[in-house]
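Morning, everyone. Please have the model open on your screens while I talk.

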Amino acid sequence: MKYRLLSPGPTPVPERVLLAMAQPMLHHRTPAFEKVFEECRVGLQWLYQTKNDVLMLASSGTGAFESAIASFLSPTDTVVAVTNGKFGERWAKMAKAYGCNVVEVKTEWGKTTPVADIKAALDKNPGAKALFIVASESSTGVRQPVEEAAKLVKGKDTLLFVDAITALGVWSIPTDELGIDVLVTGSQKALMLPPGLAFLSVSDKAWKAMETAKNPRFYFDLRRERDNQKKNQTAFTPAVSLVIGLAESLKMMKEEGLQNVFARHERMARATRAAVQALGMGVFAETPAQSITSVAVPSGCDGEAIYKALRDKYNMTIAGGQDHVKGKIFRIAHLGYYDDLDILTVTAAVEMACADLKYPVELGKGVAAAQRVLLERP
């Protein structure tokens, strides 16, 4: 049976990108590689909607976030971390590991953090060096109020760190317009690449903060990377094949057009939500992100059983619930190299898996609901 991947990362890699990466290896200290690297730098600024430096690292998105903490913060700095899922919690733990005083704005998983709560934490900690927020909390499918959070720190010394790992390339996040100081993403999400590259934009305000930052750093010294990448080189050995693939994936996105990319993700998200609701299931996220739908299963259903049935019987990978929501939800991704027919396929597979498990579903009802949304396309 054909394998199908509908997880929030890694996501499918287009054939064009795979073929580009299959070319003979380039040496990274050559003009040929520098040309590709420059294409990627310019393309990433287009995607980020920024004039800032956008740096590429051979790491996961977690590495890029750690590089920002190491480069722009000092031990004992106060950081306000918005946590309503696994990844927000990870960044809070990481800041604590670097000796920061972390003030958490905690919200129940699945809920959107009230902007008033973020403001209250900042007001109580006026000397906070940074505010951390996750744009798309992929453990729950929640879209967080990044735009409103940006307004809270605009004109202040507080740096805004945004985890856009499953958000960038899904909906518009205009980095410069919002005043985001550090915006992080990873290759294996909407950028349609294998894992192994991470990206972060850095504002002038963040570079200025680095002048007094005292955390130790070596591999993740972003000043060193900035100086090298301005010359279309890297401080250390880059992931050459992935950089070549990135150039191709950015070409694909430009051919589609940025607004069309956003519209496609919005349409697929609405179709997925309509499908699962037609099957008598719920959407776990209070404010759903366009990148992933977390499906809340009704009483008597086991979300983990549905996830495993899709994996074991239908050779399809989605994502199960994590930590205390395991079994209560399963997650369907729709970011990156997905289209309308992928949504219909996963919906049909969920219906069949539920039928196998003797869960009460009406076959075809979810598919029909998704089709109605998808036929609204311009």
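First, the ground rules. This is a predicted model, where local features need pLDDT of at least 70, side-chain atom pairs count only at pLDDT 80 or more, and totals for chains, interfaces and linings use all residues. Residues are numbered from 1 along each chain as its sequence is written, and side-chain values use heavy atoms, with hydrogens and water left out.

Start with helix H10, residues 240-256. Helices here are DSSP runs of H or I with at least four residues, strands are runs of E with at least two, and numbering goes from the N terminus. At 1.5 Å a residue, the 17 residues of H10 should span 24 Å, and the end C-alpha atoms are 25 Å apart, which agrees. That expected span is 1.5 Å times one less than the number of residues.

Is H10 enclosed or open? Of its 17 residues, 12 are buried, so H10 is largely enclosed by the rest of the structure. Buried means under 20% relative accessible area, with a 1.4 Å probe and protein chains only. Among the buried residues are Val 240, Glu 248 and Met 253. The cover includes helices H1, H2 and H11, plus strands E2 and E10. Just after H10, Gly 257 takes a positive phi of about 95°.

Now the sheet. Four strands form an open sheet in the order E11-E12-E15-E14, with antiparallel pairing. Pairing requires at least two DSSP bridges between two strands. E11 and E14 are the edge strands, each pairing on one side only. E12 and E15 share 5 bridges, and Ile 292 stands opposite Ala 333. E14 and E15 are joined by 2 bridges; there, Ala 319 partners Arg 331.

Look at E15 itself: 5 of its 5 residues are buried. Ile 329, Arg 331 and Ala 333 point one way, Phe 330 and Ile 332 the other.

The largest pocket has a volume of about 470 Å³. Of its 18 lining residues, the closest to the centre include Pro 12, Tyr 337 and Asp 342. H10 returns here: it gives the most to this lining, with 3 residues. By class, the lining has 10 nonpolar, 1 polar and 7 charged residues.

The second largest pocket holds about 270 Å³. Its lining counts 20 residues, with Phe 87 and Lys 189 among those nearest the centre. H4 supplies the largest share, 3 residues. This lining divides into 6 nonpolar, 10 polar and 4 charged.

A pocket, on a 1 Å grid over the protein atoms alone, is an open set of points where a 1.4 Å probe fits, with protein on both sides within 12 Å along at least five of seven lines; lining residues have an atom within 4 Å of a point.

Terms used. Buried means under 20% relative accessible area, exposed over 50%, partly exposed in between (1.4 Å probe, protein chains only). Contact means heavy atoms within 4.5 Å. Grid points are joined across faces, edges and corners, and a volume is the space filled by probe spheres set on the points. Ala, Val, Leu, Ile, Met, Phe, Trp, Tyr, Cys and Pro count as nonpolar, Asp, Glu, Lys and Arg as charged, and the others, Gly among them, as polar.
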